[in-house]
Amino acid sequence: MDSRGLNLPEKVVRALQSARNAAVLTGAGVSAESGIPTFRGAGGLWNNYRAEDLATPEAFERDPELVWRWYDWRRGIIASKTPNPGHYALAQMEGLFENFTLITQNVDGLHAKAGNRRILELHGNIWRLRCIAEGTVREDHDVPLTQIPPRCQNCGAMERPGIVWFGESLEPRIIGGAFDAARKAELFIVAGTSGVVQPAAGLAGVARKAGAVVIEINLERTPISYNADVTLTGQSGGIESVLNLVETKV
């Protein structure tokens with residue numbers, strides 16, 4: 001069957017049109033199409049610091065103001081960006097399945113901005129602040145931040161970014177929900193991720209083992225490709241073409 005140039009195996013087409021339970025995993029490639037840099041590697045240098053040097057509990061304990069100035073810079077970049085066609089296609093897709101879960105490694109909040117509601121943010125959200133004393137979490141979209149470091153509005157203690165840093169464990173409820181969604185999915189879509197960061201990279205394999213049809217959409221093949229029924233090479237905006245097939249079932 002063909003949709004906007006897609007030639008998909010019949011098994012994949014059937015899953016797109018008949019599945020009741022679907023899950024999607026997105027990575028930095030989806031955000032990159034909105035112009036958001038990865039903030040990692042040589043292209044992500046800020047004042048000669050690497051992300052790996054700043055996104056750690058140790059860096060925050062050593063110099064919270066430095067870490068927060070970096071996050072304030074990142075927030076400023078992200079605030080100027082908008083969802084792209086891939087984001088909007090996934091938001092539409094959410095309403096076409098009985099059960100739909102969007103699992104993302106991105107922290108920019110663009111999936112919610114596009115309209116997705118059932119989201120599991122594996123690595124947190126850059127717009128959330130967490131009190132280091134009480135553990136309370138609040139949203140703050142001020143750009144720039146009015147105070148660095150920001151302070152808890154309840155107790156006055158310092159707040160940290162609501163991000164899972166290098167060396168920290170993912171929140172059990174979030175990663176548990178992601179693996180549960182993968183096991184229950186009849187259709188599992190992976191878009192814009194390198195497939196090397198664990199445990200997220202293992203979700204496609206879990207879904208495949210449980211019987212799901214796995215579709216990968218990425219600029220190039222990845223380790224996830226070995227667990228995919230089909231790999232569509234190209235920008236994640238290709239999700240729009242997949243959406244066209246899903247829509248034919250309603």
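Where does Ser225 lie? You will find Ser225 in the loop that runs between β10 and β11, two strands that turn up again in the sheet described below. Please keep in mind that this is a predicted model.

**Around Ser225**
- Ser225 is buried, because its relative accessible area of 5% falls under the 20% cut-off.
- Leaving out residues up to four places away in sequence, Ser225 touches Glu216 and Thr231.
- β10 and β11 run parallel and are joined by 4 bridges.

**The parallel sheet**
- An open sheet is built from 6 strands in the order β5-β4-β3-β9-β10-β11, with parallel pairing.
- Its edge strands are β5 (119-121) and β11, each of which pairs on one side only.
- On average, and ignoring direction, neighbouring strands of this sheet are turned by 15 degrees against each other.
- Helix α1 lies across β9, β10 and β11, and runs at about 95 degrees to β10.
- Helix α6 lies across β3, β4 and β9, and runs at about 150 degrees to β4.

**The largest nonpolar core**
- This core has 29 residues, and the members that touch the most others are Leu16, Met93, Phe97, Leu187 and Ile215.
- Elements giving two or more residues to the core include the helices α1 (10-18), α6 (85-94) and α10 (239-247), along with strands such as β3 (21-26) and β4 (99-104).
- Strands β9 (187-191), β10 (213-218) and β11 (230-233) are also among the elements that contribute two or more residues.
- The largest share, 5 residues, comes from α10.
- Setting aside neighbours within four places in sequence, Ile215 is in contact with Val12, Leu16, Leu187, Phe188, Ile189, Val190, Val230 and Leu232.
- As general background, nonpolar side chains tend to be buried together in soluble globular proteins.

**Helix α8**
- Helix α8 (residues 172-184) has 13 residues, which should span 18 Å at 1.5 Å a residue; its end C-alpha atoms are 18 Å apart, so the two values agree.
- Its buried residues are Ile174, Ile175, Ala178, Ala181 and Ala182.
- They cover an arc of only 120 degrees around the axis, which means that they sit on the same side of α8.
- Pro172, Arg173 and Lys184 are exposed on the other side of α8.
- The cover over the buried residues of α8 includes β3, β4, β5, β9 and α9 (203-209).

**Strand β6 and its partners**
- In strand β6 (residues 124-131), 6 of the 8 residues are buried, so this strand is largely enclosed by the rest of the structure.
- β6 runs antiparallel to strand β8 (residues 159-163), and 4 bridges join them.
- Gly124 has Ile163 as its bridge partner in β8.
- β6 also pairs in the antiparallel sense with strand β7 (residues 137-139), over 3 bridges.
- Arg128 has Glu139 as its bridge partner in β7.
- β6 and β7 form a hairpin with 5 residues between them, and Gly135 in the turn has a positive phi of about 80 degrees.

**A look at Ser18**
- Ser18 has its place in helix α1.
- Ser18 is exposed, because its relative accessible area of 53% is over the 50% cut-off.
- Ser18 and Thr248 are 230 residues apart along the chain, while their C-alpha atoms are separated by 9.8 Å.

Technical notes
Residues are numbered from 1 along each chain as its sequence is written. This is a predicted model: local features need pLDDT of at least 70, side-chain atom pairs count only at pLDDT 80 or more; totals for chains, interfaces and linings use all residues. Side-chain values use heavy atoms; hydrogens and water are left out. A nonpolar core is a set of buried Ala, Val, Leu, Ile, Met, Phe, Trp, Tyr and Cys residues joined through side-chain atoms within 4.5 Å. Buried means under 20% relative accessible area, exposed over 50%, partly exposed in between (1.4 Å probe, protein chains only). Contact means heavy atoms within 4.5 Å. Two strands pair if DSSP finds at least two bridges between them. Axes are lines fitted to C-alpha atoms, for helices over the stretch in contact, and angles run from 0 to 180 degrees between N-to-C directions. The expected span of a helix is 1.5 Å times one less than its number of residues. The arc is that of the directions from the helix axis to the C-beta atoms.
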